Amino acid sequence: MPPILNRLWRRVRTTVAPVPDISATLWLETLQRYPFLAALSLHDQSKLRALSALFLHHKRFHGAHGMEVTDAMAIDIAAQACLPLLHWGDPAKALAWYDDFVGIVLHPGEAVAKRQTVDEAGVVHEHEQVLLGEAMDRGPIMLSWEHASNGRENTERGTNVVVHEFVHKLDMRGSGEPNGCPPLPAGFMGARTGRGAYEAWWNAWEPAYADFREAVIKAERFGAEMPWLDAYGATSPSEFFAVACEAYFVNRARFAAEFPGLVPVLDAFFKRPVVAH
């Protein structure tokens, strides 16, 4: 490992010690598998490595259907899960956003869940739903390893199931039910009151969601071109938030071109440092 990376790692790790180490070899292999992680500055990579080590210290992985979860797989998941928290200061306080669960269940591929719905007449209907991931309030997170590990193709498409499900956890920190707006910090985007902060949030998100939903409807019903962002985001404001965050983290340039009005809002929420030009 280059000396500069070792120095950065030691310097950052002292702020979160004592935590288990992530070997340099495994960490570099993770970076190579995910272009959006490799694109981070060396300092941010070192911060993310330390944050991921602390994450791994507190979480437990389980493989479904006899799947063995290796150290490399766990590190891959941890790095992607911690990416939204990268600029939130003290690692222990940042990871508190994920303190309502311990378990992470990896399935080899898609999972099938049995669901029940009740219609207006009170009749219960049972159906099966195919899932790539699922986040439950005060419960574990389920992920499809097939989709979580497809780093290069997902980067191009702006999709990431790990970011998606962990962002749902952020969204749930308010009422327990995701609604597309996580709890906002005091002074968010210069707002003087909590109400002003939420108004600033929804003033950006509501029109963006309405426009995106209309574009998806036109594509599905009338043959217009399908938007680049995953159409699943059109199913609800909470899914639009999660899908938008996927793209924001893994393909920022394309996301900024598609949704320029959402970039400053997400930059403010995720406390992305302002880069001087």
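**Figure 1. Overall composition of the predicted model.** Of the 277 residues of the protein, 48% count as buried, and the model in which they are seen is a predicted one. The secondary structure comes to 13 helices and 6 strands. Among contacts between residues at least 6 apart in sequence, 64% join residues at least 24 apart.

**Figure 2. Close-up of the packing of helix α2 against helix α5.** Helix α2 spans residues 24-33 and helix α5 spans residues 71-82, and their axes, which come within 10 Å, cross at roughly 60 degrees. The two helices are therefore classed as oblique to each other, and α2 passes α5 in a right-handed crossing. On the α2 side the contact is made by Leu26, Trp27, Thr30 and Arg33, while α5 contributes Asp71, Ala72, Ile75, Asp76 and Ala79. Sorted by class, this contact of α2 with α5 has 5 nonpolar, 1 polar and 3 charged residues.

**Figure 3. Close-up of the packing of helix α5 against helix α9.** Helix α5 also packs with helix α9 (residues 161-172), at an angle of about 55 degrees and with the two axes 8 Å apart. The crossing of α5 and α9 is right-handed. Here Ile77, Gln80 and Ala81 in α5 meet Val162, Val163 and Phe166 in α9, and by class the contact of α5 with α9 has 5 nonpolar, 1 polar and no charged residues.

Figure 4. Ala94 lies in helix α6, which covers residues 91-95. With a relative accessibility of 2%, Ala94 counts as buried, since the cut-off for that class is under 20%. When residues up to four places away in sequence are not counted, Ala94 touches Leu85 and Trp88. Ala94 and Cys82 are 12 residues apart in sequence, and the C-alpha to C-alpha separation of this pair in space is 9.1 Å.

Figure 5. Ser236 is found in the loop that runs between α10 (194-222) and α11 (237-250). The relative accessible area of Ser236 is 19%, and the residue is therefore counted as buried, given that the class takes in values under 20%. The side chain of Ser236 makes a polar contact, at 3.1 Å, with the side chain of Ser238.

Definitions and conventions
Residues numbered from 1 in each chain as written. Predicted model: local features only at pLDDT ≥ 70, side-chain atom pairs only at ≥ 80, totals over all residues. Heavy atoms only, no water. Helix = DSSP H or I, 4+ residues; strand = E, 2+ residues; numbered from the N terminus. Buried < 20%, exposed > 50% of the residue type's maximum accessible area, 1.4 Å probe, protein only. Contact = heavy atoms within 4.5 Å. Polar contact = N/O pair within 3.5 Å; in protein donor to acceptor, adjacent residues only side chain to side chain. Axes fitted to C-alpha atoms, helices over the stretch in contact; angles between N-to-C directions. Parallel < 35°, antiparallel > 145°, perpendicular 65-115°, else oblique. Left-handed = near helix turned anticlockwise from the far one by under 90°. Nonpolar A, V, L, I, M, F, W, Y, C, P; charged D, E, K, R; others polar.
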